[in-house]
Amino acid sequence: MAIGTEAGRVTRRGTTVALWRLAWRNLWRQRRRTQLLVVVVAYATLAIIFLWGFIDGFMNGMLASQGRLVAAPVLVTTSAYHDDPDPLHPLPSLAPLERAALAQPGVRHVAPRLEFGALLRSPYTSEGVMARGVDPAREASVSAIPAYVTQGRMLAGPGEIVLGKGVADRLDSRLGERVAIDASAAGGPRSLGLRVVGIVDSGTPVVDDATALVDLADARRLSGVSTATGLALDVPRGRESSVAAALQSELPAGVHAYPVEQLIGQLARAVGWGRVEVTVLGVVFSLFAAITVTSTVVVSVLERSREFGVMVALGLDQARLSTLVTLESVYASVLGWLAGSIVGFALLWLFSVWNVFGPLFSGLYGSLLSGISLPSELYTIVRPEYLLYAAVTIALAALFAVLAPARRVRRLRPAEAMRSE
Amino acid sequence: MTHTRFVPRHIARDARTLLVALALIVGLPTTGSLAVRAHAQAAPDDAQAVLDHVIDNLRGLSERATLELSVERPGRTVHYRMDVVSDGNERSLVRVTEPPQQAGEAFLSIGNNLLVYSPRLGRSLRLPPSGRSNAFLGSDLSYDDLAGGEYREQYDATITSRDADTITLELVPKPEAPTPYGKLVFVVKSASYAPVSLTFFDQRGNAVKRLTFSDFQDVQGRTIPQHFEVVDLLREGYRTTASYQDAQFGIAVPERCFSEAALERGCF
């Protein structure tokens, strides 16, 4: 009995191997049909891989771009200030933190910032803002805002202020005019008169409607803080989180390094939702590709009814025949997946080092999408997990093959099938 | 700074309107008092000296009065009545008595600090800087507009005209002066230095609002305007008027009037 069982297993294994071989051979018996299947799956795979790489690159570019406008690549500040942005929670000292930051690999520049709530007054109205005290000589190394001073110039020293276009419009303040700025310091209310020397027009509402840059010395006079509320760091794109994590061990208790993703939480969450939407889109794409593969296989099964009838008549049971059809679908899908992956990753790599999309999108859609400030540099991202996302097509193709063409084969009546043309 | 976030919106809104009264109240006795001391002095030729005489008279005259305030806007007018007490220097207390929905609200100004009491909340709150300097929706003048003590520090004065009746002073902000105005034009009576009008100009040479003093009366030997009018020159129909009733100057004001307890319960 045992010998018989073993012999049965060997027979089944042999039959299975034979089925795999037969399925592979069948692919090349109908080259045109196979090529069609491979091309469909390859196209879907390529599209999914490129879609993910492009979307991730776009999101990253936008995040980095917005991060440099709204916050900084990395910001060192007290956790108390991060939770409650009030200058009553400043950095304890600046020099040691600057030394620690600059000693960290990846940190290219540092610049202190002192942010405080203030009231700007013109002769016509007043406007509450979160003013940012900066070192004019260093701010441009950590922020994109100075590059967007489209009227006038960036701060040169105390007694000056740079306003966002929206703020200036609402105050009706022009270049060369003075605005009064009031702030509550620990020692009581303080005021200054500052001359408007520059207008920021970045195209990003959150920047243009809120920016008020003043010299760090003026910010200290107004806020009563002798240090700063934060230390902005310039680090290479894509290394914000790793540099912040590495720097954290060098910082004193109560002081934290926050990467840009944590500094612009709302946008980061929006990017997260964007990925969810892209996931849905990718699944739909895979679904259509799998349906195309399945419909091609269904047509193929109809065309091969006579062949299948003969095979069943010669002793191949219908369960194995349906497995054969499924295997053919899987083989074609895997081949298409491989081909699409190679081409897809090649394209992703090409556009990850060649900034084609940045100028292209800025030129085509810059004015249309001014609200999100398209990044000038837009590179695709290359991630291995895209292979898995694209493999969903194969899984779906196999599933549909089992559900439709293979099921049809199982119901095949050999006598009728052999009579069909 | 954190406290500013907890000022409820309706308190801030009411405060905006009532701060006009506060501004006027603080400004009135001082501008009135300048007529008193300057009157006894020889007329100075130097503009800064004239301004100094004005500012010198801004201090030291205590008062207790009732103020009636009307804030006019296109299609509506809001009337307020309030009790005022001031030590004549940097401290004043204002308590609203009418209209009923605002009665009990009070403002205590001590130097640069401004506190507001809300009977609805049953607590006092420190106002943000806007409490002193905002050109509020419900008013035409801010506290800082009439904080005369800052004119000397923030402006350079020149006499632009002088005749038998009036002297016209032009006040131009010093560099970094915390004022958004391009200049102020202050007209005072030549004989008594009683204020006639104060006009605020933007930095493009346009007059944006004008404060006019009238109904001068001699009170305890001093020439003090009893009626005030603030007109927004950029928006038609925006006007604020204030009139003193039963003003008593030079009285002894108890220290308890300038405490948070007085802010909540009054001191008389």
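This is a predicted model: local features need pLDDT of at least 70, side-chain atom pairs count only at pLDDT 80 or more; totals for chains, interfaces and linings use all residues.

Me: Which residues of α8(A) are buried?

Reply: They are A:L216, A:D218, A:A219, A:R220, A:L222 and A:S223.

Me: What do the buried residues of α8(A) pack against?

Reply: They pack against five strands of chain A: β2 (109-121), β3 (126-134), β6 (178-185), β7 (188-200) and β8 (212-215). After α8(A) comes A:G224, which has a positive phi, near 80 degrees.

Me: How do I read a helix by its sides?

Reply: An α-helix has 3.6 residues a turn, so residues three or four places apart point the same way. Take helix α12 (residues 305-313) of chain A, where the buried residues are A:S305, A:F308, A:G309, A:M311 and A:V312. They lie on the same side of α12(A), because the arc they cover around the axis is only 165 degrees. A:G315 follows α12(A), and its phi is positive, near 120 degrees.

Me: Why is β7(A) described as largely enclosed by the rest of the structure?

Reply: The reason is that 10 of the 13 residues of β7(A) are buried.

Me: Which strands pair with β7(A), and in which sense?

Reply: Take the partners in turn. Strand β4 (residues 149-152) of chain A pairs with β7(A) in the antiparallel sense, over 3 bridges; there A:V149 has A:V200 as its bridge partner. Strand β5 (residues 160-164) of chain A pairs with β7(A) in the parallel sense, over 5 bridges, and A:E160 is bridged to A:R195. β6(A) is antiparallel to β7(A), with 8 bridges; A:A183 has its bridge partner in A:R190.

Me: How should I read a nonpolar core?

Reply: In soluble globular proteins, nonpolar side chains tend to be buried together. In this model the largest nonpolar core has 115 residues, and the members that touch the most others are A:V41, A:V74, A:A118, A:I181, A:A212 and A:L233. Helix α2 (residues 31-70) of chain A gives the largest share of this core, 17 residues. At least three residues of the core come from each of domain 1 (19-66 + 268-419) and domain 2 (73-258) of chain A.

Me: Which residues is A:L233 in contact with, leaving aside its neighbours within four places in sequence?

Reply: A:L233 is in contact with A:A72, A:P73, A:V74, A:V76, A:A101, A:V107, A:V110 and A:V142.

Me: What can be said of chain A as a whole?

Reply: Chain A has 17 helices and 10 strands. Of its 421 residues, 46% are buried. Among the contacts in chain A with a separation of 6 or more, 82% join residues 24 or more positions apart.

Notes. Residues are numbered from 1 along each chain as its sequence is written. Chains are lettered from A and ligands numbered from 1 in the order in which they are written. A residue is buried if 20 or more other C-beta atoms lie within 10 Å of its own, exposed if 12 or fewer, and partly exposed in between; C-beta atoms are placed from the backbone. Helices (H or I, at least four residues) and strands (E, at least two) are DSSP runs, numbered from the N terminus. The arc is that of the directions from the helix axis to the C-beta atoms. Two residues are in contact if their C-beta atoms, placed from the backbone, lie within 7 Å. A nonpolar core is a set of buried Ala, Val, Leu, Ile, Met, Phe, Trp, Tyr and Cys residues joined through C-beta atoms within 7 Å. Domain bounds come from an automatic or database domain assignment. Two strands pair if DSSP finds at least two bridges between them.
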